[in-house]
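Here is a short briefing on one protein model. Look through the sequence and the structure first, then read the points below.

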Amino acid sequence: MAAELKIRGRVATADDPDWDQARQAWNLTADQRPAAIAFAETADDVAESVRFAAENDLKVAGQGTGHGAAALGPLDDTILIKTERMRGIEVDGSKARAEAGALVIDLGEAAIETGQCSMPGTSPNVGIVGYTLGGGLSWLGRKYGWACNRVTAIELVTADGDARTVDAGSEPDLFWAMRGGGGGYAIVTAIHTELLPVAEAYAGALLFPAEVGAEGVRRYRDWAADAPEEVGSLLRFLNLPPIPDVPEPLRARPLLAITAACIGSQEDGEKAIAALREIGEPVMDTFAQIPAPGLTRIAMDPEPPVPGLGHHRVLNELPDDAIDAFVAVAGPESGSPLLVAELRHLGGALARPAENGGAMDKLDGDFVMLAIGMPMAPEMQEPITARLDTLADAMNPWAAEGGYFNYAERPCAVDAILPADTCARLADVKRQWDPDDRIVANHAVSLAAV
């Protein structure tokens with residue numbers, strides 16, 4: 001770049017000795033090679049970076065943590081705006097404002113001071129903006145819906161470099177698109193969201209020997225079918241590596257884990273999961289009454305940066321044949337190289353259209369399947385990718401149309417995720433707010449495709 005970007009925060013380029021560290025995302029498989037990286041500290045830094053990009057015929061992309069960076073691509077001729085230094089949180093009554101670099105756990109810990117919570121997912125250190133605006137599938141979602149539809153306003157910078165705040169009464173189409181529409185319409189600097197009147201829950205995991213197999217999955221499915229909306233849950237086949245971060249009893253052995261969160265008292269929670277404890281003798285049982293921020297850790301997702309490859313399918317149903325197919329590819333006798341093969345229970349408020357909801361106002365389907373492999377060495381990428389493809393193909397007979405952005409670990413167009421009428425409206429928003437297709441996102445609407 002002939003010109004020089006000047007902001008309050010740091011600007012990193014390939015000439016810097018720590019360039020490889022600066023360009024690293026949380027997902028270590030992402031090989032990001034942007035033209036420059038702006039470590040923004042303020043909304044003005046973001047606006048200046050976007051204006052600079054426009055003046056120099058560059059694109060821009062925003063990034064909080066980089067959990068979903070594998071879907072973002074190499075970022076050629078792009079300024080990557082990292083917002084990790086913008087972590088301010090303010091709680092005012094039943095609402096909160098979170099800056100673009102804040103983590104889910106940051107908001108959870110701020111909210112619990114007033115006896116409330118946000119919409120916690122399975123990871124404490126995912127960025128609140130990416131998680132929320134990508135949909136936000138929370139443990140509490142079957143009761144309260146998608147996190148994106150609890151957003152009341154968004155502070156952002158549009159492709160022309162203007163900073164503005166949008167809500168349902170101010171630029172309603174842009175506000176609608178930003179909530180679950182895949183990004184690519186503006187760079188977010190902060191979100192305003194409603195909090196929930198939940199301070200604690202009965203939650204944890206039952207980890208069984210994976211040999212409980214298809215029968216264990218069937219019993220979980222049957223239990224989930226009758227579970228109240230106050231209960232959110234998932235089932236996973238796990239192949240945990242023999243590393244210090246993994247508790248010794250769980251290392252290097254195949255497991256079937258059922259993780260759940262129950263809104264209410266410990267007594268209510270124990271009754272709700274009683275049938276799960278009858279599946280077998282668990283290797284570990286972590287259920288307890290816990291403060292709401294702890295919900296982000298009950299699934300024991302990795303917190304330090306790791307390499308990850310993934311694939312997913314939304315499933316209309318989970319009949320016995322689907323379970324047999326899932327277990328055959330990912331179960332204990334499959335020889336699977338995958339770290340995780342998950343079935344996440346949907347339904348309840350997640351399947352009902354949200355009042356004044358965003359581009360993603362509901363998701364049809366009984367479950368969503370997510371599989372993740374961790375290629376700790378380059379030679380592991382091919383077998384992991386092949387197994388991910390095999391599992392996704394195996395579940396296709398029961399798959400719904402579309403998908404879920406936060407589980408879409410691979411580059412894909414928005415129309416692979418959302419319905420055609422939604423995508424048509426999103427394309428109109430893109431044309432209005434980013435006609436030069438300057439803003440890059442994990443799954444943005446492409447003007448060339450509309």
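**Cysteines, a helix and aromatic rings**

Searching the whole structure turns up zero disulfides; a disulfide is a pair of cysteine sulfur atoms within 2.5 Å. This is a predicted model, where local features need pLDDT of at least 70 and side-chain atom pairs count only at pLDDT 80 or more, while totals for chains, interfaces and linings use all residues. Residues are numbered from 1 along each chain as its sequence is written, and side-chain values use heavy atoms, with hydrogens and water left out.

**Cysteines**

- Cys117 is buried, at 3% relative accessible area. Buried means under 20% relative accessible area, exposed means over 50%, and partly exposed lies in between (1.4 Å probe, protein chains only).
- For Cys148, the closest cysteine sulfur belongs to Cys423, 15 Å off and too far for a bond.
- Cys148 is buried as well, with 0% relative accessibility.

**Helix α8**

- Helix α8 spans residues 266-277, and its buried residues are Gly269, Ile273 and Leu276. Helices (H or I, at least four residues) and strands (E, at least two) are DSSP runs, numbered from the N terminus.
- An α-helix has 3.6 residues a turn, so residues three or four places apart point the same way.
- Glu267 and Lys271 are exposed, on the face of α8 turned away from its buried side.
- What covers the buried residues of α8? The cover includes β10 (200-209), α7 (213-226) and β12 (254-263), where contact means heavy atoms within 4.5 Å.

**Aromatic rings**

- There are six aromatic pairs. Rings of Phe, Tyr and Trp (its six-membered ring) pair if their centres lie within 6.5 Å; planes under 30 degrees apart count as stacked, over 60 as edge-to-face and the rest as tilted.
- Tyr220 and Trp223 make a tilted pair, because their ring centres are 5.8 Å apart and their planes meet at 35 degrees.
- Both residues belong to helix α7, three residues apart, or about one helical turn.
- Tyr220 is buried at 0% relative accessible area, and Trp223 is buried at 10%.
- Trp146, Tyr404 and Tyr407 form one aromatic cluster.

**Charges over rings**

- The charged end of Arg179 sits over the ring of Phe175, 3.9 Å from its centre. The rule asks for NZ of Lys or CZ of Arg within 6 Å of the ring centre and within 35 degrees of the ring normal.
- Arg344 lies over the face of Trp139, 4.8 Å from the ring centre.
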